[in-house]
Amino acid sequence: MSSSGNADDKNMLTSCPQCGRFVDSGTEKCPDCGSPIRPEPEETLPIAPLGDGTHCPSCGKFVGAYERCPYCQAEMKVRLSLKMVRRIAMGGALIGLVLLWFGAMMKQVDQIHVGDINVNHNMATVKLEGRLVSVNIQEANNTFKLALDDGTGRINLSGFDKLERFRKALGDGFPREGDKIEVTGQLNITEKFGAGMFLSSPERLKVLERFEPEQRMLDLVTDEDTGRILIVEAQIIDIRKTRASRNLTLRDDSGTMSLTVFDSEFDGLADGAVKSALDKPGSIMKMLVKVDSFRGNLQLRLKNPRTEGNLEVIGFQTVSPAAMRREKITPLADLAWKNSGDFITIEAVITKIREFKAGRNIMLKDDTDTALLVVFNSFLDSMSKEKSDLLLTVGQKIRARVKVSQYRDTMQVQLFSEKYLEFLEE
Amino acid sequence: MDQFLIILPFVLAGTLFGSIVSLMPSLHIYNVAGFALLLWQVIEGIMPPEAIAPFFMSMIVGFSFINTIPMTFIGAPDESASVTILPGTKYLMTGRGYEAAVLTGIGGLGGIFLLAALTPFFFLVLPSLHKIVGIHMHWILGLVMVYMLMSEWPKGTGRGETVWARFKDAWANLFAGILTFGLSALLGLIITSKSIIRAEMGFQNIMPVFVGLFAVPSILQNLLSRENIPNQHIPETVETDWKSIGKAMFSGGIGGMIAAYLPAVTAGIGGIIAGHATAQRGDRLFIISGGVSKVIYYVGAFLMLFIISPISPNGLGKGGLNMILKPVFSPEAGMFPLMLGTIFLAGGLSFLLLLWFGKWMLVLLKKVHYHILYWIALIMILGIVSGLTHLNGLFVMAVATCIGSIPVFYHCRRSNCMAVLLVPIALNMAGYGPAVAHLLHLE
């Protein structure tokens with residue numbers, strides 16, 4: 001037995017180097033021969049300088065570039081270069097990371113144009129600035145999608161499963177269509193969907209300019225407004241149902257214009273009062289609309305009708321022909337200056353009637369000029385016999401709210417509702 | 001037949017391109033994909049649309065086989081080989097380096113056969129599995145990270161004359177591993193939140209990081225080494241049997257599949273998990289299973305992009321490779337058999353190229369000291385990084401090199417460097433990515 005040399009191991013035995021008697025390891029002198037009992041020296045590990053090879057010369061095992069053999073603990077003479085490299089690695093990692101972090105914090109994210117994006121920009125974090133041309137909210141998926149147009153191109157911005165977070169953070173500042181925004185994010189370019197950007201954080205989306213739609217009188221809406229979003233306050237004076245939509249005739253103090261509401265939009269309205277008002281002539285409503293064009297004619301479309309505040313019922317007033325009498329009469333000579341699709345009120349005498357396959361061409365004359373009134377058989381059939389007979393009487397004077405249309409470069413007018421046709425005494 | 005004749009030259013070209021590029025030491029697949037994207041912009045007009053996917057697939061197959069050569073002969077692994085480097089180096093030092101490369105190649109062929117055999121699993125089981133597991137991916141990645149750290153713990157009680165010496169001996173490389181993990185994670189969070197690389201090279205945001213974490217430290221380590229590569233023997237046969245190959249395919253298959261499916265988990269990490277799960281022993285098994293794992297990881301991850309089913313209409317591909325190549329093509333339903341055929345063709349060709357390039361490398365190493373090759377590789381890497389990403393990229397690479405050098409010189413796992421992607425991806429999947437970026441003032 002031998003002492004491990006550990007002073008705490010007092011109960012261990014050791015042998016006297018002189019006489020061999022077993023004594024406690026803590027004993028200083030042998031009780032038999034009096035020789036000093038020295039603790040055995042600790043096993044010291046061999047310290048042998050190893051070569052630069054991969055095998056330990058002490059035990060011969062393969063060790064690679066270790067400082068100490070993992071098998072026999074032979075210590076390798078450490079080269080200065082290895083120690084230096086270690087210190088440089090550690091220090092460089094820590095200091096470099098801090099510097100990189102500061103650099104990243106200070107760096108301004110590159111702002112680019114949508115038109116300049118190419119495949120090399122994939123996964124780049126960039127800043128874009130432009131107007132939102134559409135805002136698509138998907139409540140069921142907690143997702144929203146925006147389309148941004150900066151004048152050079154259009155890009156889709158997606159907030160998958162982030163709608164609630166963005167709404168909470170932005171509140172009333174949640175972007176709307178028409179807003180000018182600045183957004184920072186990572187580009188994701190795929191061959192299938194093109195360039196897009198995932199929105200991860202509300203802090204990276206800023207509304208630079210809030211879009212406040214302008215309120216406009218109907219008569220002041222022109223072709224140049226196509227695509228624009230406006231607020232109109234008008235009365236519904238006529239509703240015509242088609243297979244998949246409703247064509248509403250709106251009227252305010254300046255004039256009239258057509259509004260098309262598709263059945264899907266109508267059915268999606270949650271507010272019962274608004275829905276009922278939209279289906280009732282006489283309702284006076286304030287609406288957020290988008291100016292559209294269909295077959296060359298200006299018309300209006302509801303803009304995000306499900307969003308609260310975009311459709312408001314102001315009142316109700318029965319629509320009557322009497323109201324039409326207060327309207328300004330448009331001379332027939334001014335017809336050439338009117339746009340197709342405009343609604344005007346005329347007062348003229350029927351001078352000639354010519355029958356064609358689908359209806360009647362009725363020539364009208366007032367003090368200024370003549371004009372052609374086209375009446376289709378379907379319209380005549382929908383009228384009462386008395387009224388249709390009067391309409392087909394040469395010499396009959398009429399006052400009517402008509403729609404201007406164009407056929408083969410010729411301006412003409414059409415009746416759109418029997419309610420706005422009055423027969424006057426000569 | 002016409003389509004076959006149109007695609008065939010591009011498959012051969014892709015295999016050759018991937019093979020030549022992978023001869024550069026320590027190159028990662030992300031870097032290869034970046035080069036491929038740059039090359040594609042040059043040859044876009046020449047390559048027909050139906051040949052794009054086979055070209056990239058054959059390039060990846062070529063890479064997965066031929067990168068064995070720098071890995072084995074000049075000890076320059078990418079991260080995927082970090083588990084197998086020591087057995088391969090042992091073979092090299094006993095003059096059996098060529099045999100190690102061939103064994104890896106045999107493993108690679110096994111991996112290809114496994115990919116074909118797993119096809120029913122890919123289409124029948126994997127989409128449904130992904131639907132269930134996909135939303136919990138951040139938990140799985142978290143477990144992987146915990147396993148990576150805990151499996152390095154503890155490493156014996158340590159030896160030394162003093163308590164401090166014993167403590168240092170036992171815990172030094174463990175702390176080095178944890179430190180590497182933490183620093184890599186921070187680096188990844190900075191780079192993914194607000195990279196300092198210019199936007200025009202956004203698709204190579206990660207390139208300086210990977211080059212710095214894996215390639216440059218290996219090169220530096222070998223440049224500092226004074227070892228000489230002994231004469232290598234080119235055998236006519238290799239020492240293995242079907243049983244060993246079968247065992248290695250089992251272990252390597254598990255590791256490779258884990259790496260192919262989980263985002264940011266590479267073959268090195270998959271190999272650690274699989275090695276522990278299968279209690280794999282023996283250098284030969286390690287080397288063969290390393291080959292299996294590598295091929296399944298690289299090729300399988302890309303192949304999964306073509307698993308298009310009603311449950312997975314956009315495929316199941318993940319990872320930086322797919323993100324880099326997504327702008328170039330979109331997988332379509334029905335392309336899977338074409339990809340499988342490409343893999344078989346490119347795999348067979350790559351194995352033959354491995355045998356030839358292996359011999360060529362040995363001849364080269366007899367004439368040119370490997371230090372010179374490393375200097376050339378270092379200069380090329382610096383040139384590529386500075387050319388593509390300029391000074392900012394070089395700085396990022398330098399920081400990443402310092403971090404990547406810690407495991408090399410403190411002898412802990414290099415897999416810990418994968419925290420550079422693991423942590424940011426797991427945080428983003430868990431929904432905490434923006435919060436962490438905000439905390440770091442990187443928004």
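How many helices and strands are there in chain A? Chain A has seven helices and 21 strands, whereas chain B has 19 helices and zero strands. Helices (H or I, at least four residues) and strands (E, at least two) are DSSP runs, numbered from the N terminus.

The model is predicted: local features need pLDDT of at least 70, side-chain atom pairs count only at pLDDT 80 or more, and totals for chains, interfaces and linings use all residues. Residues are numbered from 1 along each chain as its sequence is written, chains are lettered from A and ligands numbered from 1 in the order in which they are written, and side-chain values use heavy atoms, with hydrogens and water left out.

**Chain totals**

Buried means under 20% relative accessible area, with exposed over 50% and partly exposed in between (1.4 Å probe, protein chains only). Contact means heavy atoms within 4.5 Å. Accessible areas come from the Shrake-Rupley method with a 1.4 Å probe, and for residues only the protein chains shown count as cover.

| Quantity | Chain A | Chain B |
|---|---|---|
| Buried residues | chain A: 42% of 426 residues | chain B: 60% of 443 residues |
| Accessible surface | chain A: about 23600 Å², 49% from carbon and sulfur atoms | chain B: about 16800 Å², 70% from carbon and sulfur atoms |

**Chain B**

The radius of gyration of chain B, taken over C-alpha atoms, is 21 Å, close to the 22 Å from the globule rule for 443 residues, so chain B is as compact as a globular protein of that length. That rule is 2.2 Å times the number of residues to the power 0.38. The C-alpha trace of chain B spans about 75 × 60 × 45 Å along its principal axes.

Helix α18 of chain B (residues 419–430) has twelve residues and reaches 16 Å from first C-alpha to last, close to the 16 Å expected at 1.5 Å a residue; the expected span is 1.5 Å times one less than the number of residues. Buried residues of α18(B) include B:L421, B:L422 and B:V423. The buried set packs against α2, α9, α10, α11 and α13 of chain B. Just after α18(B), B:G431 takes a positive phi of about 90°.

B:M148 is found in helix α9 of chain B and is buried, with a relative accessible area of 2%. Not counting residues up to four places away in sequence, B:M148 touches B:F181, B:I269, B:R413, B:S415, B:N416 and B:L422.
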